[in-house]
Amino acid sequence: MSLRVLILEDRPDDALLVTEHLRRAGLDIAWERVETEEEFGAKLRAGWDLIIADYTQPQFNAPRALAILKAADLDIPFIVVSGNIGEDAAVDVMRSGAHDYVFKGNLQRLRPAVDRELRAAAERKAARLAQDEHVRRLSSIFDSALDAVVTMDASGIITDWNPMAETIFGWPKSQAVGRMVADTIIPLRYRDRHRLGVARFVETGKGPVLNTRTELEALHRDGHEFPIELSIGATPSAHGFLFSAFARDITQRRRAEEAVRRLAATVAASTDAIITADLDGSIIAWNTGAERMYGYSASDTIGRKLSVIVPNERASELRAALDRVNKGELIEQLETVRRRKDGRLVEVSISLAPLTDEHGTVIATTGIARDMSTAKQAALELRASEERYRRIVETAFEGVWIIDSKNQTTFVNHRMADMLGYAPEEMLGKPVLAFMDPDAQAAFAANRDRRQQERQAEHEFRFRRKDGSELWVLLEASPDLDEAGNYVGSLAMITDVTERRRVQKALEYQALHDALTGLPNRVQLTNRLGQAIESARAAREQVAVLILDLDHFKEVNETFGHQAGDRLLEQVGPRLRSEIRPEDVVARLGGDEFAVLLAKTDATAATLTAARLLEVLERPFEVEGQHLDVAVSIGIAMSPDDGDDPDTLLRRADIALFVAKQPRGAFVRYAPEHERQGASRLALMAELREALQRDSELFLQFQPLVRLRDRSLAGVEALVRWRHPQRGLVPPMEFVPFAEKTRLIKPLTRWVLVSALQQSVAWQRAGHRIPVSVNISMRDLVDPEFPGTIASLVRAAQAPPSLLVLEITESLIMTEPERAIKTLAQLRELGVRLAVDDFGTGYSSLAYLHRLPINELKIDKSFVAAMAGEASRANIVRASVELGHSLQLESVAEGVEDARTWDLLGALGCDLAQGYFISRPMVADQVLPWLSKWENRPGAAEKAA
């Protein structure tokens, strides 16, 4: 590798002379010449191995170059090669830092000088690296020390502070360094003594605490004092002495020592007999309680066998007990009899425990015996009470947290510590504020007076886990008062609701948004519409609602499949948004129906907007490489002219949409005469009433529900169908929704219930227990006579109530939750099963959901059908399954249409599945043949359906 040389020389020939000499001397060099200060400064950091400089030049000189090199803190050999400039100048340049001076007339000295200085530079570099490594190792030891390490100078100012010092004393290094030690970690009462001790050492070199271990109190940043073990060393330095203090927090050790002292005092003062025996059964300890109980003094018994107090008939019992304890087993509350010195027998309760050495080897047995003749019953009751309390506290699902009057933690159970990510012992002694963020601390402080005076009802609160994450809890607290009524602390019962809040947030979002498109749904649109109407009423402005329906969308689903239809629907929202103002709202009402809310508008602007929406939706949609054309029809209603509440406005926009769909691809503003066009629907309802009386046009189809665990049939859902003599097969969506708006829904529901129960009973008599599910409407749910109707129908069919499952949509329940809960409770008492249908599409508060007396949650098919391709849908399904299981409900997935979805649901722990992958709806005569085929095809889920 070439030697890189920077030459400071104004004469190119002289530079060439030097380099040629070095090459002839056997050096492979790469060199560059500079002659000005600017050039020298610019090239200086280019990684040179050697600098050769002429002493003086017209624009620059060697002493100046050395000054620049020194300022840059670079260690590069610097050799001056020049003419005869005099001995004084040579001495000066060497004093300035040059490593050698070679005359141009004596260049034979240059090669040895270069070799020497390159070696010296390499040695200096190696020394620096060794020093750096030494410092790095010392720094690593300093930073990773288990003790707090604090250094200070002779004036008492902190000069260094390791991470453990930050932990123990609470001061970050950035704030501690530069402070006085006395003001930072030394309690006020010790500070004068500290200052005098430092001054005495500086003066005499002697100090009583140097190089010894001392126990004393230290001061934490938050003001509390705690015990430490301290050793101090002093090291001479250029500025006097440097003191190093090594401190260890011995709070836990002090507590342990105190516990040992208490235990020793307890043993000495105990009225119970406490006896220790070695592995051979020889007595080695005998307390005063044993003297009183058995009549022997310690001197009488120590060294003798335990058999001295054991009746002969109990000898085998003693041997068996000692054998168990010698193997490390604990024996509690062994009730037996012992013999006193005077020969009388005493009934005792004995607990035996092994004593072990530091390696865990059993070396002796300790027994505690209590005279049960007078206290047996009380002891039994106390033991039972204590055991119940211990088990309740330690195994409770709730966390238990006790603080003292200074808000210091005095007890937490394992559940509470687990919630926060700590071990219980890590929390003891810490202020409760240490587990809160600043906002929670402020709320805690603001509630101080109420917390200390009265019980705090269950409320949500936020803590901070050890890893920094949030822990949301339900907290119920009670003050602890002493006999004088003074506050001495609080006890809190705490339940982790972090996951429940997350699920609640997810449910709140999905309750207000369409799962497929992410657009606001009908619930949110209705809320926003109500707000817009109120604002417009106050400002004397108008609001418009446009309801849009995609024409020919059914053909897209039938031709290209539901997945293609979903991709098309996802593109509608962005197109609509592109033609309206930012403050306007686009919502999906369901199926292929969308709505647009225009605030602060008028009829002309609403009409122009409708025309633009028609135009933008006429452009083909690209789906999976296909260009699909769909038209759109739009119904418009204006407030206040067409209605001054959300329901009326939406209904009349829907009426206008119905008129607009007659020609298709048009928009129509609502007019009163459009109401009369609903007469045809009334005619259809009249024909439905006649069909119910004839009982020959309506029929049921059944769709199976199977268990994912073992693919067994769990039941079927009954679906009503209408074969009209003139209209043919009328789709349920064309008559069921209108029946729900009239009184026909009650006789229609009754017909379905009667038919479904009769069929289920018929299957049962044929040897097949197949429960049947029936959907009920809002009118049924709020009908006080409905539970009685169900009871009479079940009796008339001679059906077990458990064969009937009633399904109620989530949105219906939340319309009138209290009435719904009452009705559902009455139905549950009858023995019928209850299911919440279309779960996730409504807004069911967890506060109501856990009160519903239901058995099943049916997850809406809009989430299930897309879960294989979209992580967000799969997460919603997972949350719904977990929520159901947490409420001890079976989870049912609707809309299972492929093997991938079947497998995913099984992995999530979903209980039941329903959908085309299993079977399409079928008439009653087809169910048993399907079941036989299903049961005879065991194996992989791919064989389903």
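Analyst: Let us start with P747, which has a relative accessible area of 35% and is therefore partly exposed, because that class lies between the buried residues, under 20%, and the exposed ones, over 50%. Please keep in mind throughout that this is a predicted model. P747 belongs to helix α27.

The largest nonpolar core is made up of 85 residues, and F735 and L806 are the ones with the most contacts inside it. Helix α27, which covers residues 745-765, is the element that gives the most to this core, with nine residues. The surroundings of L806 can be followed in detail: when residues up to four places away in sequence are not counted, L806 touches L753, V774, I776, F786, I790, L827, V832, R833, L834 and A835. Apart from this core lies another one, of 32 residues, and F553, V556, V623 and M638 are among them.

Q701 sits in strand β28, which runs over residues 698-707. With a relative accessibility of 18%, Q701 counts as buried, because the limit for that class is under 20%. Within this setting, the side chain of Q701 makes a polar contact, at 3.1 Å, with the side chain of R721.

Rolling a probe the size of a water molecule over the atoms shows where empty space is left. In this model there are two cavities of 30 Å³ or more. The largest cavity holds about 200 Å³ of space, and of the 18 residues that line it, L306, R338, I350, L352 and G367 lie nearest its centre. Helix α13 provides the largest share of this lining, four residues, and the elements that each supply at least two residues are β11 (273-278), α13 (315-326), β13 (331-339), β14 (345-356) and β15 (362-371). Sorted by class, the lining of the largest cavity comprises 13 nonpolar, three polar and two charged residues.

The second largest cavity has a volume of about 40 Å³, and its lining consists of I7, L8, E9, D14, V18, I52, A53, D54, V81 and K104. Two or more of these residues come from each of β1 (3-8), α1 (12-24) and β3 (50-53). Six residues of this lining are nonpolar and four are charged, with no polar ones.

About 1200 Å³ of space lies in the second largest pocket, which is lined by 32 residues, with H220, H224, D249, T251 and K430 nearest its centre. At least two lining residues are supplied by each of α6 (163-169), β9 (225-237), β10 (240-249), α10 (251-269) and α16 (424-427). The classes here are 14 charged, ten nonpolar and eight polar residues.

Most residues other than glycine have a negative phi, and most peptide bonds are trans. The peptide bond from S639 to P640, however, is cis, with omega near 15°, and P640 is found in the loop between β26 (631-639) and α24 (646-660). D73, although not a glycine, has a positive phi of about 60°; D73 is placed in the loop between α3 (62-71) and β4 (78-82), and, with a relative accessible area of 69%, D73 is exposed. R540 is also not a glycine and has a positive phi of about 55°. The place of R540 is the loop between α20 (522-539) and β21 (542-551), and at a relative accessible area of 80% R540 is exposed.

Notes. Residues are numbered from 1 along each chain as its sequence is written. This is a predicted model: local features need pLDDT of at least 70, side-chain atom pairs count only at pLDDT 80 or more; totals for chains, interfaces and linings use all residues. Side-chain values use heavy atoms; hydrogens and water are left out. Buried means under 20% relative accessible area, exposed over 50%, partly exposed in between (1.4 Å probe, protein chains only). A polar contact is a pair of N or O atoms within 3.5 Å; within protein, one must be able to donate a hydrogen and the other to accept it, and residues adjacent in sequence count only if both atoms are side-chain atoms. A nonpolar core is a set of buried Ala, Val, Leu, Ile, Met, Phe, Trp, Tyr and Cys residues joined through side-chain atoms within 4.5 Å. Contact means heavy atoms within 4.5 Å. On a 1 Å grid over the protein atoms alone, a cavity is a set of points where a 1.4 Å probe fits but cannot get out, and a pocket is an open set with protein on both sides within 12 Å along at least five of seven lines; lining residues have an atom within 4 Å of a point. Grid points are joined across faces, edges and corners, and a volume is the space filled by probe spheres set on the points. Ala, Val, Leu, Ile, Met, Phe, Trp, Tyr, Cys and Pro count as nonpolar, Asp, Glu, Lys and Arg as charged, and the others, Gly among them, as polar.
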